[in-house]
Amino acid sequence: MDTDMYYCNWTYFNVETTTLENQKSNGTIIIVRGVRGLCSSDSSLKVCIVGGGPAGFYTAQHLLKTRQDVQVDVYERLPVPFGLVRFGVAPDHPEVKNVINTFTQTAQHVRCSFHGNVNVGKDLSIKELQQAYHAVVLSYGAEGNRSMGVPGENLAGVYSAKDFVGWYNGLPSNRDLKPNLSCETAVIVGQGNVALDVARVLLSPLNILKKTDITGTALNALAESSVRRVLVVGRRGPLQVACTIKELREMVNLPNTRPEMVAAEFEGIAEAVKDLPRPRKRLIELMLKAALEVPGEREQQRRNLTSRTWGLRFLRSPLEVLPTSDLSSTAGIRLGINRLEGTGDGVRAVATGEVEDVSCGLIISSIGYKSLPIDSFVPFDPRKAVVPNTMGRVDQAAGLYCSGWVKRGPTGVIATTMNDSFDTARTLLQDMDSGALDVSAAKPGSQGVSALLKDRGVKPVSFSDWEKIDGEEIRRGEAEGKPREKLLDVEEMLRVARM
């Protein structure tokens with residue numbers, strides 16, 4: 001046991017400490033009245049991560065695991081962590097949300113701190129963070145929506161999938177969405193996994209949704225929903241569909257529903273399937289089965305009893321949202337009919353000039369998210385909607401890195417983000433080791449910004465504060481027979497956190 005003087009977050013203490021075994025470490029574990037916390041000498045390496053979602057936590061995880069002398073602070077705009085895992089993953093996919101357990105371990109790491117309720121770009125500038133940290137990693141995801149770019153898309157009854165998903169998953173900014181579910185037919189533009197998630201939520205029996213963490217507000221609205229038919233529209237053909245087999249199988253097996261396909265759209269597909277890679281082949285074969293196979297007697301009896309239908313529509317692009325007679329809301333959508341040109345990955349949809357009108361009162365655009373600029377100081381590519389970077393190093397910005405969707409665009413699944421974030425962490429660590437990142441001067445870390453936040457009236461939410469919110473949500477959920485009932489209001493979150 002060594003006895004030394006170390007500078008801690010709150011004051012100086014002369015205490016017994018246990019030096020970390022790794023010789024590279026400048027950090028120590030301090031025990032005061034039975035409480036374990038981090039004390040770091042001035043030469044510890046300070047890294048700030050902007051964004052408390054999967055990209056942020058995976059980046060932090062790799063940094064903490066690889067080097068014992070790194071202190072990581074995660075800043076998150078909302079009082080609650082986990083980003084897209086909390087607000088994007090479908091409520092009936094609890095197994096996907098299990099990754100929260102891993103993120104929790106990272107957040108509780110002795111060299112990691114979570115600072116919720118801090119809006120970087122507003123409460124703090126990137127320059128101010130760079131003054132306090134050796135490196136800043138941007139992992140704030142994609143908060144914007146890609147527009148369809150067609151007349152009428154601002155009419156009532158048209159929603160982005162991001163906002164609709166945020167509504168049923170409890171994103172505070174979407175809690176007042178109040179989507180119109182009084183129509184019989186809904187059209188979803190886009191055929192990725194998010195589109196099928198939305199379709200499934202719209203058509204799922206209530207007894208399934210009641211057992212999930214879907215918000216009570218959404219559950220009540222869906223209980224009164226008149227939607228009985230959902231069409232999921234894509235601009236290219238069946239071979240280019242963007243969803244994965246898991247989501248398609250869930251639609252095929254969804255209780256009280258039946259598929260409604262157009263057989264002509266699958267002409268020639270069976271022959272083309274033979275040359276596809278196995279995962280893609282299995283996906284298309286399942287689609288072909290749903291579209292073309294004559295159901296057996298038992299399956300036909302089941303389908304005859306269903307009251308809801310869903311269908312994939314191919315070679316269709318949105319041209320215009322059709323208004324009601326008083327021009328106040330959505331009455332339908334005009335779709336342009338396409339043909340395919342090219343082969344393989346180069347295949348593209350080309351307009352034929354033909355159109356098709358579909359009557360519907362609800363349109364959900366699921367054509368992708370996009371990142372937004374966070375600070376005028378940070379380079380940003382508005383066309384690609386990403387921070388320009390090379391292997392996670394932000395171009396022409398020493399000490400600035402990025403991971404996740406803001407790095408590569410809103411593509412892939414959580415495992416894709418994990419690998420991407422690990423790559424950025426490795427890049428950062430290589431720069432530390434090579435000297436490309438200047439770590440010679442001591443940096444104050446969170447101590448350097450806490451006074452700024454206090455002066456600006458910002459009260460960060462710690463991870464232990466989040467655990468109070470977590471506990472309250474679980475308590476409310478238990479009363480309803482659900483895993484949790486999410487708090488929807490930021491002010492209420494903050495009140496619970498301060499209890």
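Student: Why is R339 called partly exposed?

Tutor: R339 has a relative accessible area of 40%. Buried means under 20% relative accessible area, exposed means over 50%, and partly exposed lies in between, with a 1.4 Å probe and protein chains only. The value of R339 therefore places this residue in the partly exposed class. Please note that this is a predicted model, in which local features need pLDDT of at least 70 and side-chain atom pairs count only at pLDDT 80 or more, while totals for chains, interfaces and linings use all residues. Residues are numbered from 1 along each chain as its sequence is written, and side-chain values use heavy atoms, with hydrogens and water left out.

Student: How do you know that E341 forms a salt bridge with R339?

Tutor: The closest N and O atoms of E341 and R339 are 2.9 Å apart. A salt bridge is a side-chain nitrogen of Lys or Arg within 4 Å of a carboxyl oxygen of Asp or Glu, so the pair qualifies. E341 has a relative accessible area of 27% and is therefore partly exposed.

Student: What makes R393 and D431 a pair that links distant parts of the chain?

Tutor: R393 forms a salt bridge with D431, with the closest N and O atoms 2.9 Å apart. R393 belongs to strand β21 (residues 393-394) and D431 to helix α14 (residues 414-434), and the two are 38 residues apart. Helices (H or I, at least four residues) and strands (E, at least two) are DSSP runs, numbered from the N terminus. R393 is partly exposed at 27% relative accessibility, whereas D431 is buried at 6%.

Student: How do you know that D470 forms a salt bridge with R484?

Tutor: Their closest N and O atoms are 2.7 Å apart. This pair too links distant parts of the chain: D470 is in helix α16 (residues 463-480), R484 is in the loop between α16 and α17 (490-497), and 14 residues separate them. Both D470 and R484 are buried.

Student: How many salt bridges are there in the whole structure, and which residues are linked in a network?

Tutor: A search of the whole structure finds 36 salt bridges. The network links D92, E95, D197, R200, K246 and E250.

Student: What is the phi of A385, and why is A385 called buried?

Tutor: A385 has a positive phi of about 55° although it is not a glycine. The residue is placed in the loop between β19 (369-370) and β20 (389-390). Its relative accessible area is 3%, so A385 is buried.
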